[in-house]
Amino acid sequence: QRFLTPVVEVGGERILRAFGTFPHPNILGGYLAIAGVLALMALAHETRPRHARFLEIFFLLIQPGLVLSLSRGAWLAFVVGVVVLLITLIQPLRPSASRLITLFNPPIKRLAPILLISIIITTISYFQFPDFFRARFAEGRLNTISTNERAQYASDAKDLIRAHPILGVGGGNFSIASALQSPGRPDYANQPVHDAFALVLAELG
């Protein structure tokens, strides 16, 4: 029997990914990615030193959890969120303003130190534990299993949507409906599809 435990294989050992009180590392990573971007957004517009220090500490406490979740989707979401935030903070160039003045306006200046520290911490983490990060991108045994399972969940979602296109199978009933349509499958293999749009269509119609 194989249990769907969120682990990575490093040097022949199974290392449990961080997920705290959340049911899965990807969910923890998603929450921390959103919280990190919101903290940076608040910091960019915070002019009170004490509140700014609090936001900086809050962000630095979030980062280790985001990194240790080893969630590729959360990493990507965080990077995209930071890039979009920085783009929105860059003021439109004025004919009388130099490019440097535009790029280094006060909100950007507030974020620059904390983002630099974040990059340094992440770089040190990577070089200190390179195998953990490489394991999340290498085509190893667990990644192959994960890819096959996600493809199976997507196929289940397609079948459920076709069978219940109007009302769906009911909120929170995806796994139960999958088990009913595939009675020979082990219970632990009946998981919700890893796609929010497909999950909503399958459950709510």
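User: Buried means under 20% relative accessible area. By that cut-off, which residues of helix H8 (residues 174–181) are buried?
Analyst: The model is predicted. In its chain of 205 residues, 33% count as buried. For helix H8, the buried residues are Phe174, Ala177 and Ser178.

User: Which exposed residues does H8 carry on the face turned away from its buried side?
Analyst: The buried side of H8 is made up of Phe174, Ala177 and Ser178. On the face turned away from that side, the exposed residues are Ile176 and Leu180.

User: Are the planes of the Phe22 and Tyr31 rings stacked, tilted or edge-to-face?
Analyst: The whole structure holds 4 aromatic pairs. In the pair of Phe22 and Tyr31, the ring centres are 5.0 Å apart and the planes stand at 40 degrees. Stacked would need planes under 30 degrees apart and edge-to-face over 60, so this pair is tilted.

User: Which helices hold the two residues of the Phe59 and Phe78 pair?
Analyst: Phe59 and Phe78 make a stacked aromatic pair, with 6.0 Å from centre to centre and 25 degrees between the planes. Both Phe59 and Phe78 are buried. They are 19 residues apart and link distant parts of the chain, with Phe59 in helix H2 (residues 49–68) and Phe78 in helix H3 (residues 72–89).

User: Which helix gives the largest share of the lining of the second largest pocket?
Analyst: The second largest pocket contains about 390 Å³ of space. Among its 19 lining residues, the closest to its centre are Gln63, Phe78, Val79, Ser118 and Thr122. Helix H1 (25–44), H2, H3 and helix H5 (106–128) each supply at least two residues of the lining. The largest share, 6 residues, comes from H3.

User: How many charged residues are in the lining of the second largest pocket?
Analyst: By class, the lining has 15 nonpolar and 4 polar residues. The number of charged residues is none.

User: By about how many helical turns are Arg53 and Glu56 separated?
Analyst: Side chains of opposite charge can pair when their charged atoms come close. The side chains of Arg53 and Glu56 meet in a salt bridge of 2.8 Å, N to O. Arg53 is partly exposed at 43% relative accessibility, whereas Glu56 is buried at 18%. The two are 3 residues apart in helix H2, so their separation is about one helical turn.

Conventions: Residues numbered from 1 in each chain as written. Predicted model: local features only at pLDDT ≥ 70, side-chain atom pairs only at ≥ 80, totals over all residues. Heavy atoms only, no water. Phe/Tyr/Trp six-rings, centres within 6.5 Å; stacked < 30°, edge-to-face > 60°. Helix = DSSP H or I, 4+ residues; strand = E, 2+ residues; numbered from the N terminus. Buried < 20%, exposed > 50% of the residue type's maximum accessible area, 1.4 Å probe, protein only. 1 Å grid on protein atoms, 1.4 Å probe; cavity = no way out; pocket = protein on both sides within 12 Å on 5 of 7 lines; lining within 4 Å. Points joined across faces, edges and corners; volume = space filled by probe spheres on them. Nonpolar A, V, L, I, M, F, W, Y, C, P; charged D, E, K, R; others polar. Salt bridge = Lys/Arg side-chain N within 4 Å of Asp/Glu carboxyl O.
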